[in-house]
Amino acid sequence: MMKLLLDSSPIDIINWVTNWWYDINKSIQWQHGIFFTLCALYSFVSIIALIQVIRIHLRIPLYGWSTQKVFHMMIFVANSVGAIVFGLHNNFFMLHSNVLMTRTILDLQGLFFFTTFTHLVWFWADVYYKIRSFPTSKLKIWYISINCVIYLILGCIWICIAMNDNDAVVLVKLLFIRKIFVAVIPFIANLGVLIYGGRLFIMVWRYFDEWRGGRKKLSELGYVSCICFTCFSISCFVAVLSCFHHNDRGLDHPVLKMIYYMVVEILPSALFIYILQKLPRRRVSGQYHPII
């Protein structure tokens, strides 16, 4: 194979790659293989997240649902939805009998990841406000309200699409509105990453010499902020691209789908689990005294 490529002219190589690209798009076997691979990757990440939740619970069983435990549980749920979607890809990608159901499931998958990553932004905002001695009581209300409004607006769009399924002109307009709104969602998340992740990063960078483990916290915060910003930027770009494309999200090839979901959802989730893998310290209840 390598010898054949070396002996071929650049035009022959381009023609071969082009034919290979179209053959994959037409091949049912290739599509099954790519989608089942994504299903396996989503399942692997969700299992690791669930194991981490169990480890955190065993370490601090009396502490309740900490931020770290909730975040890992949300990663488990979001990746489990992705595993179900790609495990049943015949219903979502390869059969187009129910377009509304297909787009609803795909939108829900993206919304679950949006809720998961913005939960981390809420945590950054809470830490930043506590350091600056600002009130934090309304942050949770804002986080829940923003997510509820986004789910509600998108739900209304889905209902309108279902009610006007037979009107082609109105349906095209509603689908365009849906694509615009889906493009706005990662843009909102990026604002949160820039505002609160950036502020907290600058604060830690100024005083990390005075904090115990400050350099490690600085690197963790920088890595997570860059990951969030990158994945939300790609999501926003692809969503905007889909507004000028006939296919949903502008992805009409299984390889493009694999690259998109790997970069935007699977890899960030795996990196978050790796970066935040350190378990919290054991806490002993004040009413419990170990027997020596």
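Which residues does Cys228 touch, not counting residues up to four places away in sequence? I looked this up and found Leu120, Trp124, Asn190, Val193 and Phe272. I count a contact when heavy atoms are within 4.5 Å.

**Ground rules.** I am working on a predicted model, where local features need pLDDT of at least 70 and side-chain atom pairs count only at pLDDT 80 or more, while totals for chains, interfaces and linings use all residues. I number residues from 1 along each chain as its sequence is written, and side-chain values use heavy atoms, with hydrogens and water left out.

**Confidence.** Where pLDDT is low, the predicted coordinates should not be read in detail.

**Core.** I then turned to the largest nonpolar core, which has 59 residues. Such a core is a set of buried Ala, Val, Leu, Ile, Met, Phe, Trp, Tyr and Cys residues joined through side-chain atoms within 4.5 Å. Buried means under 20% relative accessible area, exposed over 50%, and partly exposed in between, with a 1.4 Å probe and protein chains only. Phe86, Trp124, Cys228, Phe232 and Phe272 touch the most other members. I listed the helices that each supply at least two residues of this core: helix 3 (28–59), helix 4 (67–87), helix 6, helix 7, helix 8, helix 9 (214–243) and helix 10 (254–275). Helices here are DSSP runs (H or I, at least four residues), numbered from the N terminus.

**His72.** I placed His72 in helix 4. At 0% relative accessibility, His72 is buried. Leaving aside neighbours within four places in sequence, I found His72 in contact with Ala49, Gln52, Val53, Ile56, Ile273 and Leu276.

**Phe112.** I located Phe112 in helix 6 (residues 99–131). Phe112 is partly exposed, at 28% relative accessible area. With the neighbours within four places left out, Phe112 contacts Ala78, Val81 and Tyr151. I also checked Val77, which is 35 residues from Phe112 in sequence and 7.9 Å away, C-alpha to C-alpha.

**Salt bridges.** I searched the whole structure and found two salt bridges, each a side-chain nitrogen of Lys or Arg within 4 Å of a carboxyl oxygen of Asp or Glu. Asp107 pairs with Arg178, the closest N and O atoms being 2.8 Å apart. This pair links distant parts of the chain, with Asp107 in helix 6 and Arg178 in helix 8, 71 residues apart. Both Asp107 and Arg178 are buried. Asp126 pairs with Lys130, the closest N and O atoms being 3.1 Å apart. Asp126 and Lys130 are about one helical turn apart because they lie four residues apart in helix 6. I noted that Asp126 is buried at 17% relative accessibility, whereas Lys130 is exposed at 54%.

**Surface patch.** Last, I looked up a nonpolar patch on the surface, with about 990 Å² of accessible area together; Trp142, Phe176 and Phe229 are among its residues. Areas come from the Shrake-Rupley method with a 1.4 Å probe, and for residues only the protein chains shown count as cover. Patch residues have over 30% relative accessible area and no salt bridge; nonpolar side chains (Val, Leu, Ile, Met, Phe, Trp, Tyr) are joined within 5 Å, like charges within 9 Å. Helix 8 (168–207) and helix 7 (139–163) each supply at least two residues, and the largest share, eight residues, comes from helix 8. Ile146 is in helix 7 and is partly exposed, at 37% relative accessible area.
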